[in-house]
Amino acid sequence: MAGNTLLFKTNYAVKSKIEPFYKGGKVQISHDEKYIFCTCGPRVNVLQIASGKIVHSIEQDDQEDITSFSLSPDDEMLVTASRAMLLKQWDWKQEKCTRSWRAIHNVPVASMTFDSTSTLLATGGCDGTIKLWDIVKQYCTHNLKGSSGVVHLVEFHPDISLLQLFSSSLDCAIRIWDLRTSKCICVLQSHYSAVTSLAFSSDGHTLISSGRDKICTVWDLKERKEKRTVPVYEAVEGVVVLSANEDYSQLGVKSKDLHFITAGSKGVLRVWESSTARCVYTQTLPSAPVSSPEQTDGDPLSLVHCLPLPLSNRLATVTAEHNILLYQLPSLSVQQQFVGYSDDILDVRFLGKEDTHIVVATNSSQLKVFELATSSCQILYGHTDTVLSLDVFRKNSMFASCAKDKSLRVWRMDPMTGHVHCVAQGYGHSNAVGSISCSRLKKAFVVSGSQDCTIKVWDLPDDLPAVGEEPVQLVARITEKAHDKDVNSVAVSPNDKLLASGSQDRTAKLWSLTDMSLLGVFRGHRRGIWCVQFSPVDQVLATASADGSVKLWGLHDFSCLKTFEGHDASVLKIIFVSRGTQLVSGGSDGLVKLWTIKTNECIKTFDAHQDKVWALHGSSKDDLIVTGSADSNITIWKDISEEELVELQVKKEDQILKQQELSNLLHEKKYLKALGIAISLDQPHTVLKVIKEIRQDEEGPQQLENTLLRLRQDQKESLLRYCVVWNTNARSCLDAQAVLQVLLTHLSPDDLLQFQGARTHLEGLIPYTERHVQRISRLLQSSMFLDYMWQKMRVTGAKDSGELQGEEMDASPHGIFILDKQSEQANTTHAAQQQEEEKDDDDDDDENKAPDSDEVQEEEESISTSKSANRQAGNAVGTNGVENGGHISSEESSDEEDVMENSTSKSTVPTPCVMTDAR
């Protein structure tokens with residue numbers, strides 16, 4: 001394609017997706033530290049850490065939620081437990097269930113774990129029992145009773161030779177079970193709330209337990225006594241013991257004593273020294289708001305899991321907002337972040353010079369910046385309430401956000417590191433700020449629209465603060481009460497001179513940005529307007545409304561130029577693509593539609609979301625679009641119009657070559673190869689032409705049989721499918737029946753039923769075949785009747801039989817009947833005898849019928865009775881001949897009369913008319 005040629009977009013394909021993969025529950029990391037396993041309803045998703053992609057998804061057949069799972073230490077087996085009280089063993093790399101058995105628990109399984117040899121599996125149930133399973137020999141080895149309530153925690157002692165199992169239930173105690181005797185040998189009591197985590201020291205002699213009672217307890221397993229209680233002043237969800245062989249001086253570790261890390265409701269990691277119960281290090285989140293001392297457990301920043309990655313010396317934490325963060329030890333620097341669940345996607349924009357990132361506003365006060373290559377996420381803190389809208393500046397390195405906290409913020413991304421920080425913020429609205437738009441030519445200003453019905457214009461300073469500096473405070477240059485209801489959308493024109501606003505009051509307005517003077521009002525929508533957009537090339541404004549329509553308006557006279565209707569519900573977002581010649585719209589029906597403005601036609605509809613499409617944006621190169629929905633899915637779409645055009649061109653060329661090859665093969669009478677090519681083209685009409693060519697051959701039936709029997713099974717399946725179509729048409733039914741005769745003769749019923757859709761095809765053949773049989777039967781009856789009438793026809797006269805026979809043959813079409821030459825003489829004799837008998841009968845009846853005949857009344861009295869009788873018989877035959885398509889003309893009748901008048905002495909016996917061979 002030439003660079004200046006504008007190619008209309010015809011189709012988009014899903015390039016990638018950012019989907020929810022974790023909605024709470026257990027998280028486990030494989031022992032090779034390449035994969036993260038986490039639950040998501042009835043599925044266990046396997047996230048590849050390097051790429052950030054979901055590589056496997058193990059799903060329950062019964063769609064029951066998974067209550068617990070465990071991965072074996074050798075990373076080979078995955079066992080899941082569901083609410084159906086079934087345990088399933090999976091080959092997770094093949095996503096195949098290898099074994100399934102009843103859990104024996106009376107209620108669902110709450111926890112499970114493998115021992116270090118990957119042979120024993122312990123399951124803790126909600127019924128207070130613990131069961132151990134030998135995975136290799138496939139039987140239950142132990143049934144441990146004694147716990148009260150739900151057993152939510154089970155762990156094997158790292159030294160498997162001790163054969164000890166640790167468990168905790170709702171009574172807040174830690175039980176130690178001896179697997180040799182199946183008895184509880186000790187109960188460790190220290191906590192007053194649920195025990196959340198157990199961590200063993202490297203030598204196995206010390207145990208650290210954490211609980212929601214805001215303490216951690218250090219236990220001596222040799223003495224089975226409490227060594228020390230560490231008050232941590234937060235509900236602890238996870239604890240990890242630091243290795244004594246590593247240098248953790250950056251984390252405040254200055255002695256060889258046992259140190260451990262806690263993660264809890266405050267959302268920060270802290271390092272504790274077990275011997276002194278001192279906190280030696282507290283993590284600081286530079287971009288996060290400072291947590292209050294009275295932090296509640298339900299805070300979105302709180303941590304719910306803390307997992308070690310010993311091979312790479314890393315640490316993984318899981319937040320209450322379902323974010324998974326990987327930290328590098330000992331610096332505790334964030335390496336990767338994955339967002340497990342984003343809730344509603346409210347807005348999304350491409351970011352970066354090459355559109356390498358996207359910034360997403362979810363139903364949260366935090367902004368998420370995703371790197372598209374790895375799906376790694378950077379979480380931006382700043383807003384204190386839900387972020388509602390986003391917009392980017394021209395070069396995609398800066399963007400603005402607005403939120404329910406009545407503020408707006410401007411952010412800058414470092415092009416080298418990809419790090420994003422806040423450079424400016426503005427306060428001034430008296431209600432939630434629902435829309436924002438940035439200047440198009442330079443980074444000069446931003447415009448905000450609020451639920452307080454006002455629009456504010458904010459000028460940006462020339463020098464913006466660097467990383468680490470406080471963001472500059474913005475002051476509104478102009479404030480204007482714009483609408484009677486909420487301002488849902490604002491848009492700045494490509495030349496930075498005009499501003500458009502859309503409101504819930506069903507109107508859109510055009511403003512001059514220099515002094516915010518009103519230039520015009522666009523009226524016509526029946527419900528509130530959700531989005532306004534300027535065309536990048538024309539003086540046109542597009543509006544999307546809750547009435548399900550998109551309208552184009554002229555900026556000169558404010559008239560409606562076009563209306564696009566196709567969505568069944570509100571249209572929430574629109575963008576221009578293809579240099580302003582096409583539109584893409586997203587609606588609350590979950591559909592994304594592509595429109596061509598010139599033809600007013602919807603080119604394509606994309607159904608990739610299950611809920612409202614709130615977010616829609618196009619890349620700077622116009623080759624990608626991104627959509628975000630309330631179903632928590634973010635979809636990146638790639639324009640494949642050019643690829644489809646090239647594929648279509650290649651397909652056409654290939655078809656032309658195949659058609660030419662087909663013609664050559666038919667000319668050379670290579671029917672088998674010709675039929676194979678015709679079937680590969682999937683063109684029933686072309687296949688029919690080949691079948692007709694074969695049947696027209698001198699040895700047609702035999703040639704057809706030999707050709708069809710040499711076809712492959714899939715080709716025979718296609719042929720049977722085509723026969724169903726051919727059989728519906730009388731012109732091609734004989735070809736279809738010829739093919740069916742070969743297939744039904746040489747293939748057994750069992751072979752036929754193995755064809756795909758054979759039953760349906762055969763059922764479709766029956767009614768039309770019966771109809772064809774009835775039609776042919778009627779034709780056969782008609783032809784037999786015509787043959788019968790022909791045999792009954794006779795002509796009397798003075799001419800000899802040879803002349804009459806010549807006249808009859810000249811007056812009738814040739815080749816209608818092909819009579820057997822051998823039986824011709826016998827037929828002639830039989831006809832003559834029959835006519836003699838009929839003549840006698842006619843003479844007897846003639847005495848009664850002659851007075852009623854008009855023809856007889858017109859004759860002269862001198863004509864004999866026999867002449868009248870013969871004329872009556874001739875007229876009767878002539879009448880029948882006309883009615884049945886005969887060829888006895890009126891001239892012939894008059895000639896017969898003249899002959900009979902001139903010569904009455906000749907014999908009145910009629911000469912039989914026999915059709916001779918036309919050849």
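In this predicted model, helix α3 (residues 684-695) packs against helix α5 (residues 713-726) at an angle of about 90°. The two axes are 10 Å apart. Angles of 65 to 115 degrees count as roughly perpendicular, and α3 and α5 are therefore roughly perpendicular to each other. On the α3 side, the contact is made by Pro684, Val687, Leu688 and Ile691. On the α5 side, Leu719, Tyr722 and Trp726 take part. By class, the residues of this contact are seven nonpolar, no polar and no charged.

Helix α5 also packs against helix α8 (residues 758-792). Here the angle is about 25°, and the axes are 9 Å apart. Angles under 35 degrees count as roughly parallel, so α5 and α8 are roughly parallel to each other. Their crossing is left-handed. From α5, the contact takes Leu720, Arg721, Cys723 and Val724. From α8, it takes His761, Gly764 and Leu765.

| Helix pair | Angle between axes | Distance between axes |
|---|---|---|
| α3 and α5 | about 90° | 10 Å |
| α5 and α8 | about 25° | 9 Å |

Back in α3, Ile694 is found in this helix. Its relative accessibility is 0%, so Ile694 counts as buried. Beyond its neighbours within four places in sequence, Ile694 is in contact with Tyr671, Gly700, Gln703, Leu704 and Thr707. The C-alpha atoms of Ile694 and Lys669 are separated by 8.2 Å. Along the chain, Ile694 and Lys669 are 25 residues apart.

Next, the strands. Strands of a sheet pair through backbone hydrogen bonds, either parallel or antiparallel. Thr206 stands opposite Asp220 in β20.

Two buried strand residues complete the account. Val550 lies in strand β49 (residues 549-554). Buried means under 20% relative accessible area, and Val550, at 2% relative accessibility, therefore counts as buried. Leaving aside neighbours within four places in sequence, the contacts of Val550 are Thr543, Ala544, Lys562, Thr563, Phe564, Val571, Ile574, Leu583 and Ser585. Val532 sits 18 residues from Val550 along the chain, and the C-alpha atoms of the pair are separated by 9.7 Å.

Ser450 is found in strand β39 (residues 445-450). With a relative accessible area of 0%, Ser450 is buried. Again leaving aside neighbours within four places in sequence, Ser450 is in contact with His429, Asn431, Ala432, Val433, Gly434, Asp486 and Val487.

Technical notes
Residues numbered from 1 in each chain as written. Predicted model: local features only at pLDDT ≥ 70, side-chain atom pairs only at ≥ 80, totals over all residues. Heavy atoms only, no water. Axes fitted to C-alpha atoms, helices over the stretch in contact; angles between N-to-C directions. Helix = DSSP H or I, 4+ residues; strand = E, 2+ residues; numbered from the N terminus. Parallel < 35°, antiparallel > 145°, perpendicular 65-115°, else oblique. Contact = heavy atoms within 4.5 Å. Nonpolar A, V, L, I, M, F, W, Y, C, P; charged D, E, K, R; others polar. Pairing = 2+ DSSP bridges. Buried < 20%, exposed > 50% of the residue type's maximum accessible area, 1.4 Å probe, protein only. Left-handed = near helix turned anticlockwise from the far one by under 90°.
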